[in-house]
Amino acid sequence: VVLAIAAAVLCLPACGGDELDIRAVGWLDYGGRVERIETLGRYSSLEASLLVQLAGAPGTVATDHDYFLYRVIYSTTGIDGEPTRVSGLIAVPTTPSIKGVVSWQHGTNTYRPNSISKPSSPEGLGIAALFAADGFILAAADYIGLGVSTEMHPYYHYPTTVGAVVDLLSIAEVMLDGLARAPDHDLYIAGFSEGGGATAATQRALEQDNPTRLELRAAATVGAAFDPRGVSLRHVMQSDDAFHLGYLLTAFSRIYGQSLAGVVREPYADQLAGWYDGTKGQDYIDEHLPKRLDEFLTEAFLLDYEAGKENPKWFYDALALADTSDYAPRAPLRIHFGSADDIVIPQEARSAFTRMRQQGGNVELLDVGPYGHDDTPLQALPPIQRWFDALDGNAE
Amino acid sequence: VNAAGTDTSGALGAAAEGRAVTSRGMHPSRRSGSRRLARVALALGAWAVGGDASAHPPDQGAPTAPAPWSFFGGFTSHELSNPGLHLGAEYALADTRHFRSLAAAALQAYYQPDTEAGVALLARWGHRYTAGFGLTFDSALGVGVQYTRYDTTVFIFEDSMAVAEAESVSRWAFAPHVVFGLGYDFERSLAVPLHLYARPGVTLLYPDSNQAFQAFVILEVGLRWSPEL
C-alpha cells in the first residue's frame, strides 16, 4: 500500500492534467485596452473551501477549482470624459472549462489600501474563492478613485462606475475567449451596498447597449440603495448618518464643481475633501465627524430640507441621477436584503421591487433574514452562487 | 513496564494507574515531568486510534529497546503536483509495545513552477501506532516557519504587445500543520531499522504574499532510519 502511494505521488507531477498556465493571460491581445497585468498568485480549491467555511458561510458552496489572481490596470473614462487609469481584480479558474464571467461590484470603501484588487481584503479573496473556484472568471473593478487611481472616488456616480465595470468586463471577455476550451459568453453580475446599486445600473446599461459579446443571464444585489433621493436620504437624515451623507456631498460637489459652503458647516466643509480622498478609513472619518447632523449641516440646508425645498438643486439632482429603481430588468434580478439592516434599510429593496414590478421587470425580492448590513453578503452569496450555477445548467 | 520499554499491561492502563512508561535520554531525576507528559501523550494516542495495548499479548513480536533517535528523509509533494524534499530527525519521547510518542524536526522545501518556492523549518509532536506485523499509523501536529519566494510576472502592454517582467517577493510566514501517515516498519519482520512511510497532511500558511492565508496539501513519502547510537 505504501509503495503504491509512493509511486502515485512520484507520478503526479508528470501527469499534470489539463490546466491553464498562470502566464497565459499575458499573451492575449486586448486591443490596447490593458496597460498592465500582475500575477498575484494561485489559490487552491482547498484554500477557497477553508476561506468560505471559516467566514461562516451557510449552506453548500462549490469550490471545485484552483484559481489564479491578477491585478489588471486599464483605462476607462473619467468624470471629465477623458481617459483615466484604473485597476481591478480578475480571478481565472485553472481549468479551461470556464462557465462564463461573473462581475462583482464592491461596497462602500473610503480607504484606497483596502481596494478589492489588493486581495488581502476579505471581500476580494472571498469573492474570488466563491466564483473563480466555482469555474467562472471573476471580474471586480476597483472603480475610479480606488486601486491605482488617485482621484477622488465618484461615489454614487454611476456613469463612471458602470464604465469602469464594463471596461473590465471587456478585458475578462478577451480572457474568456483566449483561455476557455469552449467559451461560454454567459455573464452574471452581483454587488453589495454601493456595488448593489452599481449592479442595477450596470444591468440597466447593458440591457440598453451592450458593447461586449457577453450575454447577461442574471443579476443579484445585496443591501443595495436604489433610491438615494427618496428612501436613502430620508434614512440618512433620520439616523444622523454623517458618514454616508458626507461622502455623497463631497463626491457630488467635486463631480459637479459645486461648493459645500452653505450646505456643510465649517470646519467640516473644508475638511471633507481631505477625508474622502482615499487616504482615510471609515473609522477615522466617523471619529472626526459630529454625531448629530445639526452640527454637521448648515441651518439653512436643514430648514429647506424640513420644508421640502430641494436646495441646493445640484445635490438633489445628483441624488436623482443615482436612482436605479427606474428600469424593468429583462434578465432576472434578485434583490437581497437583511431585515435588520439599519444602514440600507429594507424599504430600499421593497420599494425598488415594487417599482420594477410595476414596470414589468423580471425581479424577485429575497429577505435573507434578521441580519445587519455587513452580515448580509455572507448570507446572500452562497445562494447567489447556486442560482448562477443553476442558470448555467448545473443543479441548484 | 520493563526496562526494554515493553508495556505488559497497556498504555492506557499504565497511564490510568500512574505507572511509568519509558522515557529516553533524560537523567532519572529530571524525568518525572516528561514521564507525566509522555503518559498523557500515550493515553491520548491510544484513545485516538481506538486501541488498548493491553489487548495484545506481549509475545507477538514486541519491539525491544528501539533506538531513541532516527532520521528520515524523502520526497515531498506540495499540492500533490509540485516536487519537494524533506529531511529530519525524530526523537522517541516514550515507547510502549505498539505506541510511540515522538518529537521531530524537519527541513522541507518545495517548488511550484512560476508561482512560488518555499523552505520550511518544522517541529512536530505526534504518535505512531505500530501493529505486530509492522504496519504503522502516524499522526502529528506541527508548527513551523516558512520562507517563501513568490514569483510574479508583470505584463506591460504597449498597444497589443506585452513585455513580461519577472518579479519576486519573499516573505516569512507561520506554518502550522497536521499530518497523518501510513507506513511499514521493517524492524518488526526483518530486523532492518528502516521504516517506509507516506504522510499526507495539510499546512496553513499565514501571511502569504497578499497578506492572506494559504492552505495546501502535502504528502511526504520517505524512509526513516533508526541507527543504534
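Trainee: Which residues does A:Asp186 touch, not counting residues up to four places away in sequence?

Mentor: A:Lys99, A:Gly100, A:Val101, A:Glu215, A:Arg217 and A:Asp392. Keep in mind that the model is predicted. A:Asp186 itself sits in strand 6 (residues 186-192) of chain A.

Trainee: Why is A:Asp186 called buried?

Mentor: Its relative accessible area is 8%. The label needs a value under 20%. A:Asp186 therefore counts as buried.

Trainee: How far apart are the C-alpha atoms of A:Asp186 and A:Lys99?

Mentor: They are separated by 7.5 Å. Along the chain, the two residues are 87 residues apart.

Trainee: What makes the A:Asp186 and A:Arg217 pair a polar contact?

Mentor: The two side chains are 2.8 Å apart at that contact. The cut-off for N or O atoms is 3.5 Å, with a donor and an acceptor. The pair therefore qualifies.

Trainee: Is A:Gln379 buried or exposed?

Mentor: Buried, at a relative accessible area of 18%. That is under the 20% limit, so the label applies. A:Gln379 belongs to helix 13 (residues 376-391) of chain A. Leaving out residues up to four places away in sequence, A:Gln379 touches A:Pro58, A:Val368 and A:Tyr371.

Trainee: Why is strand 2 of chain A described as largely enclosed?

Mentor: Count its residues. Strand 2 (residues 67-77) of chain A has eleven, and nine of them are buried, so the rest of the structure largely encloses it.

Trainee: How do you know that strand 2 of chain A pairs with strand 3 of chain A?

Mentor: Eleven bridges join them, and the two run antiparallel. Pairing asks for at least two bridges, so they pair. Strand 3 covers residues 83-93. One facing couple is A:Thr77 and A:Pro83. The hairpin has five residues between the strands, and A:Gly81 takes a positive phi near 85° there.

Trainee: What about strand 1 of chain A and strand 2 of chain A?

Mentor: Antiparallel, over eight bridges. A:Ile37 stands opposite A:Val72 of strand 2 of chain A.

Trainee: What makes strand 1 of chain A and strand 6 of chain B a pair?

Mentor: Three bridges, in the antiparallel sense. The rule wants at least two, so this also counts as pairing. Strand 6 of chain B spans residues 135-158. A:Glu38 has B:Val154 as its bridge partner there.

Trainee: How much area do chain A and chain B bury between them?

Mentor: About 3,000 Å², 67% of it on carbon and sulfur atoms. The contact draws 37 residues from chain A and 40 from chain B.

Trainee: Which elements give two or more residues to the side of chain A that touches chain B?

Mentor: Helix 1 (2-11), strand 1 (34-43) and helix 2 (45-55) of chain A. Strand 1 of chain A supplies the largest share, nine residues. By class, that side has 23 nonpolar, six polar and eight charged residues.

Technical notes
Residues numbered from 1 in each chain as written. Chains lettered and ligands numbered in written order. Predicted model: local features only at pLDDT ≥ 70, side-chain atom pairs only at ≥ 80, totals over all residues. Heavy atoms only, no water. Contact = heavy atoms within 4.5 Å. Buried area = accessible area lost by both parts, 1.4 Å probe. Helix = DSSP H or I, 4+ residues; strand = E, 2+ residues; numbered from the N terminus. Nonpolar A, V, L, I, M, F, W, Y, C, P; charged D, E, K, R; others polar. Buried < 20%, exposed > 50% of the residue type's maximum accessible area, 1.4 Å probe, protein only.
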